[in-house]
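Please go through the model below from its overall layout to single side chains.

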Amino acid sequence: MKERLDALLIHLKSQVGFELCFTSPDLVTSATFRQYFQAIGDFNPVYFEPQFAKKTGHDRLIGPPTLVCESEQFKDLFEASSILSERTYFMGYWYDWLRAGNNYEFYQSVRVGDLISTKRRFEDVWLKEGKSGNHIFRRVVIHYSNQEGESLARNEEIMFVTIR
């Protein structure tokens with residue numbers, strides 16, 4: 001097990017700095033907003049009433065802040081074998097990464113008609129030994145932008161896998 005752990009850690013460390021860019025295949029629509037705000041239970045009228053959005057200083061409908069971070073729903077089609085996927089296959093074993101935390105920064109709202117692009121960068125990997133096994137952590141930073149190249153949000157994502 002120690003040999004496998006060391007090999008995986010060396011492999012992951014060799015991948016630090018890897019980037020993957022992705023642009024959503026679809027424009028954001030008012031239906032996107034409706035489905036999302038209904039799912040999360042946030043019924044702010046700025047998401048679905050155009051006149052209210054204009055009255056509050058927006059040129060069109062805006063989406064709930066966290067919607068931008070869900071814009072990667074198709075990414076697995078493109079990165080199934082990437083070091084950034086939620087499953088890693090290495091030396092005959094599958095490793096399923098679990099979420100350990102996120103740190104979000106939101107810069108501006110997603111609007112109807114936006115096309116969202118993301119840039120994911122593998123920033124760091126480290127080992128923590130614990131009573132329940134060895135835990136490998138990784139940090140990935142994701143930047144979200146619209147079709148104009150304007151920054152929408154930043155997400156620092158920490159994930160881990162336990163090796164026993």
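A residue is called buried under 20% relative accessible area, exposed over 50%, and partly exposed in between, with a 1.4 Å probe and protein chains only. On that scale Arg99, at 43% relative accessibility, counts as partly exposed. This is a predicted model, in which local features need pLDDT of at least 70, side-chain atom pairs count only at pLDDT 80 or more, and totals for chains, interfaces and linings use all residues. Residues are numbered from 1 along each chain as its sequence is written, and side-chain values use heavy atoms, with hydrogens and water left out.

The protein chain has 4 helices and 7 strands; helices (H or I, at least four residues) and strands (E, at least two) are DSSP runs, numbered from the N terminus. Their order along the sequence is α-β-α-α-α-β-β-β-β-β-β. The C-alpha trace spans about 60 × 30 × 25 Å along its principal axes. Of the 164 residues, 38% count as buried. The protein chain exposes about 9200 Å², of which carbon and sulfur atoms supply 51%; accessible areas come from the Shrake-Rupley method with a 1.4 Å probe, and for residues only the protein chains shown count as cover.

Contacts, meaning heavy atoms within 4.5 Å, can be sorted by separation in sequence. Among those in the protein chain with a separation of 6 or more, 69% are between residues 24 or more positions apart.

Which residues touch the most other members of the largest nonpolar core? They are Leu12, Val68, Ile136 and Tyr144, in a core of 34 residues. Two or more residues each come from H1, helix H2 (30–40), strand S5 (117–130), S6 and S7, and the largest share, 5 residues, comes from S7. A nonpolar core is here a set of buried Ala, Val, Leu, Ile, Met, Phe, Trp, Tyr and Cys residues joined through side-chain atoms within 4.5 Å. In soluble globular proteins, nonpolar side chains tend to be buried together. For Ile136, leaving aside its neighbours within four places in sequence, the contacts include Leu5, Leu8, Leu9 and Leu12. Trp97, Val125, Trp126 and Leu127 are also among the contacts of Ile136, as are Met159, Phe160, Val161 and Ile163.

The charged side chains come next. A salt bridge is a side-chain nitrogen of Lys or Arg within 4 Å of a carboxyl oxygen of Asp or Glu, and by this rule the count comes to 11. One of them joins Asp6 and Lys2, at 3.1 Å from N to O. Because Asp6 and Lys2 are 4 residues apart in helix H1 (residues 2–14), about one helical turn separates them. Asp6 is partly exposed at 30% relative accessible area, while Lys2 is exposed at 56%.

Arg99 takes part in two of the pairs described here. Its side chain meets that of Glu86 in a salt bridge of 3.6 Å, N to O. Arg99 lies in strand S4 (residues 98–106) and Glu86 in the loop between helix H4 (76–79) and strand S2 (87–90), so this pair ties together parts 13 residues apart in sequence. Glu86 is partly exposed, with a relative accessible area of 36%. A salt bridge also joins Glu157 and Arg99, at 2.7 Å from N to O. Since Glu157 belongs to strand S7 (residues 151–163) and Arg99 to strand S4, the pair ties together parts that are 58 residues apart in sequence. Glu157, at 7% relative accessibility, counts as buried.

Beyond its neighbours within four places in sequence, Glu156 is in contact with Gly101, Asn102, Asn103, Arg139, Val140 and Val141.

Val141 is in strand S6 (residues 133–145). Is Val141 buried or exposed? At 4% relative accessibility it counts as buried. Leaving aside neighbours within four places in sequence, the contacts of Val141 include Lys119, Arg120, Arg121 and Glu123, and also Arg154, Asn155 and Glu156. The C-alpha atoms of Val141 and Met91, 50 residues apart along the chain, are separated by 26 Å. Met91 sits in the loop between S2 and strand S3 (93–96), and has a positive phi of about 50 degrees although it is not a glycine.
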